Amino acid sequence: MIGQEDISPFQMAEQFRRLQAKLRDRWQTVELFDSSDADIVVVPSLSLDQRELLKIEGFHHYEERLLFSLIRLRNPRTRLVYITSQPLHPSVIDYYLQLLPGIPFSHARDRLLLLSTYDSSLSPLSQKVLDRPRLIERIRQAVAHDRSYMICYNSTPAERELSVQLDIPLYALDPELLQWGTKSGSRQIFAEASVPCPDGSNDIWTVDDLAIAAAELWERQSTLKRIVVKLNEGFSGEGNALLDLRPIQKFAPDAASHRERVQGLKDQFEHLNFESKSETWERFGSRVPELGAIVEAFVEGQEKRSPSVQGRITPMGDVEILSTHDQILGGPSGQIYLGCRFPADEAYRLRLQEWGLRIGKNLAEKGAMERFGVDFIAVHQPGQPEKPEWDLQAIEINLRKGGTTHPFMTLKFLTNGRYDLSSGLFYSQQGRAKYYIATDNLQKDRYRGLLPNDLMDIIALHQLHFDTSTETGTVFHLMGCLSEFGKLGLTSIGNSPQQAEEMYQRLTRALDEETRPVPEEIRSSQVFSMPMGW
């Protein structure tokens with residue numbers, strides 16, 4: 001076994017690349033790779049800045065997002081190792097295994113190895129595994145190395161090192177390329193791929209330079225109303241802040257000197273409107289030298305949407321478009337990811353595919369592999385015949401699995417269907433077009449205290465489960481968030497957008513009904529008796 005102290009950073013990088021080359025040797029087609037016999041090690045570590053993740057309620061339960069991978073066990077010769085910081089509730093595992101069509105529960109369970117670090121600290125899961133050599137050895141012994149690979153939420157030096165320690169290839173981005181998934185790196189890719197994006201800056205590392213870049217942006221666009229300030233590594237929009245220029249028009253390009261404007265903007269940073277409720281300028285400003293930041297023109301519009309395109313780069317360097325979505329955003333200025341609808345509106349979904357392909361090819365030329373997603377802003381501009389009905393501008397690239405990954409992969413694995421590039425629709429094996437609405441953030445205080453078993457009771461009582469015969473219904477995730485945070489994730493799948501929406505609404509009505517407060521006079525009049533034998 002290779003010890004962490006036995007290998008230099010250069011040797012680590014070389015060994016990692018040799019392991020990834022094995023994926024190219026095994027690759028034939030996307031379909032065959034996805035369905036081939038394999039031993040898959042799932043390490044759902046959120047290896048992101050932990051202080052940024054703290055802005056997300058229940059973020060430590062986001063390791064459950066990749067539980068859709070358990071559906072891969074429908075292949076009777078696939079084995080899967082799933083590692084988490086804390087043990088998963090047995091009901092959650094049972095729930096996913098019971099979704100498998102045609103596979104006996106016991107057969108699937110025998111091919112699943114659940115491992116835990118029993119560590120609730122803020123350290124990313126991958127680092128927790130690296131800190132436990134005996135756990136690494138157990139994983140190594142559990143898989144056949146000639147048919148195994150590792151998947152993760154996002155790829156960093158920690159995942160690279162774990163891949164080398166385990167001696168199995170990581171099907172993910174080489175961490176050397178992480179810069180292309182930052183806010184500033186995204187802007188460079190957009191320029192190289194000729195994909196439009198809002199006016200803005202390159203990466204900035206000091207508050208003084210932040211003020212200068214904001215002033216220069218305002219000077220280029222004197223009619224700007226607002227500017228967005230983004231930390232390079234923000235998560236789900238929580239690292240964004242809005243700078244309102246309307247209260248400081250005395251520093252506008254036609255009213256003040258450049259030096260006065262820079263100072264006026266710097267003073268205004270204390271009044272930034274943060275997407276995260278817990279954020280302050282003192283904390284935010286201190287992150288700029290650590291993470292870097294950009295400033296960008298805020299895209300105004302009466303009717304705005306946030307569509308996205310999701311793609312995959314194969315080990316052979318080919319680019320596959322997987323899906324398009326209309327994201328559901330919230331927060332003070334609508335920049336925080338809450339959920340999504342599939343597919344994106346037909347008015348622009350094919351354009352999303354075209355631009356996503358351009359960006360994917362650019363990333364592939366740089367050596368990127370596996371998942372990527374691109375977020376856009378779409379502004380409705382009716383009555384302008386010379387322009388498209390919707391103006392699209394790219395906002396950022398995510399070189400990792402994101403909020404739209406698990407809903408789509410859940411649909412794909414459950415239906416074994418295909419995505420049609422000509423229409424941007426997804427068809428099941430029965431030839432039915434499928435639609436869904438998904439969220440990570442169905443959250444209400446009244447849901448707090450619900451255990452996974454309680455959720456299962458509600459699902460059964462109201463018949464909310466996914467029906468494999470009709471390929472419609474609701475699939476749940478983030479069930480570990482429910483009791484402590486009153487927060488749940490779900491994907492409601494239908495044969496039309498309206499049916500998917502109705503399923504989502506039916507689910508929320510059922511949860512609300514089952515958690516409504518019981519009036520005191522009824523509660524005090526009830527007499528509970530314990531059945532014999534309990």
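Buried means under 20% relative accessible area, exposed over 50% and partly exposed in between, with a 1.4 Å probe and protein chains only. This is a predicted model, in which local features need pLDDT of at least 70 and side-chain atom pairs count only at pLDDT 80 or more, while totals for chains, interfaces and linings use all residues. Residues are numbered from 1 along each chain as its sequence is written, and side-chain values use heavy atoms, with hydrogens and water left out.

**Exercise 1.** Describe how the residues of strand 8 are placed.

Solution. Strands (E, at least two residues) and helices (H or I, at least four) are DSSP runs, numbered from the N terminus.

**Exercise 2.** Find the sense in which strand 5 and strand 8 pair.

Solution. Step 1: two strands pair if DSSP finds at least two bridges between them. Step 2: strand 5 (residues 226-231) and strand 8 have 5 bridges, in the antiparallel sense. Step 3: Ile227 stands opposite Ala297 in strand 8.

**Exercise 3.** State whether Leu461 is buried or exposed.

Solution. Step 1: Leu461 lies in helix 15 (residues 452-461). Step 2: its relative accessibility is 59%, so Leu461 counts as exposed.
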